[in-house]
Amino acid sequence: MGLAFQNIAIVGCGPGGLASAMFLARQGHQVTLFERFSEPKPLGSGLLIQPSGQDVLESLGLLPEIKRLASPVHQLHGISTHKGRRALDMQYKHAKAPVSALGIHRASLFDVLIEAVRLMKIPIEVNNEFIGVNESGSDIKPLFSTGGHDGTFDLLIDASGARTPLATGRIRKLSYGAFWATVDMPAKHQIAPNALDQRYWHASKMAGIMPVGINPATGNPGAAIFWSEKPENTDQVINAGIERFRSEFVSLWPEAEPFVAQIGSMDELTMAVYEHRTGRPDTSTRLYSVGDSWHCTSPQLGQGANMALLDAKVLAKAIERAETTKDISRSYRRSRSFHINLYQLLSVIFTPLYQSNGRFLPFIRDVAIHNFARLPLVRSLITYTVSGVLGLKLFGQRRN
Ligand SMILES: Cc1cc2nc3c(=O)[nH]c(=O)nc-3n(C[C@H](O)[C@H](O)[C@H](O)COP(=O)(O)OP(=O)(O)OC[C@H]3O[C@@H](n4cnc5c(N)ncnc54)[C@H](O)[C@@H]3O)c2cc1C
């Protein structure tokens with residue numbers, strides 16, 4: 001049976017770190033979480049929990065609570081406004097065993113995970129800005145800018161996200177980010193219910209709305225709205241003011257008016273900047289990366305949090321089954337690399353179709369989606385891709 005570790009350190013209280021802590025504590029390991037903030041907190045607005053991520057939350061016993069706070073999303077839908085053509089149409093019902101995605105506010109996902117971690121009495125050491133590691137043959141020590149904790153650990157899990165100090169692989173800043181805000185779902189609106197809906201002007205403008213279950217700020221049903229923008233234009237858009245923002249949004253998508261009308265000032269919007277990086281698999285047998293610290297990309301395919309949850313589950317399983325520390329790295333790498341590389345590649349291919357400057361790729365998108373994506377085989381392939389299970393099924397990892 002597996003190795004008995006006295007001590008495992010996990011850096012980062014995002015979905016990857018919190019899920020890892022729960023899985024490993026349940027296996028009987030002594031786990032300590034480290035976080036840079038004085039109070040762990042979520043950043044951002046909504047995200048989609050795909051069927052792949054729901055599987056992991058189910059293993060943690062958290063899916064019922066997540067479902068209570070989230071909104072089912074049955075469809076991803078988008079229209080090219082200059083052509084009036086469908087440019088995105090993915091319905092979860094086209095999977096063999098259909099499971100809708102769950103639109104949820106990041107704070108709700110975070111609250112459910114952190115509450116479970118606190119109930120398990122897993123210690124969280126805050127105000128610890130992770131800057132590197134010191135590794136010897138028999139243990140590993142996380143280094144923090146403040147000095148912080150001076151203990152050593154048997155294993156260290158880096159779940160500190162896209163900006164990890166241990167980043168490997170080439171970082172590519174993406175040319176578009178997005179302004180995000182959370183609003184209440186208007187009592188009356190003409191947006192498709194239970195859908196992530198988007199409007200595009202070629203691929204240089206993109207506006208989106210998705211239900212996020214309960215809006216934590218008001219307790220009412222909520223929606224995330226997003227507007228794609230180049231990072232270098234951030235100040236210009238903020239300085240132009242909220243009236244201008246609202247009118248741009250509504251001129252692309254008039255039906256969005258009751259949503260954007262709720263944004264009172266630019267302070268209610270957060271600009272998110274994305275980068276793409278696929279790190280090299282860990283070579284140390286005491287240091288493992290989960291989630292964005294290993295692989296990050298644009299949120300266009302809606303997979304990041306799901307990937308982090310999958311990493312956490314697979315790594316914990318590798319640790320549970322290992323006879324030696326080498327077994328952990330072999331098994332973790334073998335189980336996750338294919339799926340991660342596949343989705344990183346798909347993200348590189350698909351992101352420019354929806355966020356880029358040229359006209360050719362959006363033209364291909366409009367023609368392809370309009371004419372081919374309704375063919376049953378193509379339709380199923382797209383559904384499995386967005387569900388996060390492409391590649392997982394091939395390797396039989398999806399369920400335990
Ligand atoms: C706007 C936007 C929309 C997105 N939409 C989706 C979506 O629909 N579906 C989806 O699955 N994914 C989405 N993603 C991606 C998703 O948010 C990330 O992939 C996911 O949060 C990664 O989880 P993680 O645990 O690896 O890292 P993170 O969530 O980034 O958590 C990292 C944690 O580590 C802490 N930390 C960071 N640096 C340090 C340090 N030096 N020392 C100590 N602690 C540190 C942070 O404070 C944080 O608590 C989106 C991302 C963005 C920006």
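Visitor: In which strand is the place of glycine 222?

Guide: In this predicted model, glycine 222 belongs to strand β16.

Visitor: Is glycine 222 buried or exposed?

Guide: The general idea is to count C-beta atoms around the residue, and 20 or more others within 10 Å make it buried. Glycine 222 has 25 other C-beta atoms within 10 Å, and it is therefore buried.

Visitor: With which residues is glycine 222 in contact, leaving aside its neighbours within four places in sequence?

Guide: The contacts of glycine 222 include His105, Thr182, Val183, Asp184 and Met185. Val212, Gly213, Ile214 and Asn215 are also among them. As for valine 126, it is 96 residues away from glycine 222 in sequence and 30 Å away in space, C-alpha to C-alpha.

Visitor: In which sense do strand β15 and strand β16 pair?

Guide: Strand β15 (residues 205-214) pairs with strand β16 (residues 221-229) in the antiparallel sense, over six bridges. Alanine 207 faces tryptophan 227 of β16.

Visitor: What is the order of the seven strands in the open sheet?

Guide: The order reads β6-β5-β14-β15-β16-β13-β17, and the pairing is mixed. Because β6 (85-91) and β17 (270-272) each have a single partner strand, they stand at the edges, and one side of each is left without a neighbour in the sheet. On average, neighbouring strands of this sheet are turned by 20 degrees against each other, direction ignored.

Visitor: Which strands does helix α6 lie across?

Guide: Helix α6 (residues 242-252) lies across β14 (195-201), β15 and β16.

Technical notes: Residues are numbered from 1 along each chain as its sequence is written. This is a predicted model: local features need pLDDT of at least 70, side-chain atom pairs count only at pLDDT 80 or more; totals for chains, interfaces and linings use all residues. Two strands pair if DSSP finds at least two bridges between them. Helices (H or I, at least four residues) and strands (E, at least two) are DSSP runs, numbered from the N terminus. Axes are lines fitted to C-alpha atoms, for helices over the stretch in contact, and angles run from 0 to 180 degrees between N-to-C directions. Two residues are in contact if their C-beta atoms, placed from the backbone, lie within 7 Å. A residue is buried if 20 or more other C-beta atoms lie within 10 Å of its own, exposed if 12 or fewer, and partly exposed in between; C-beta atoms are placed from the backbone.
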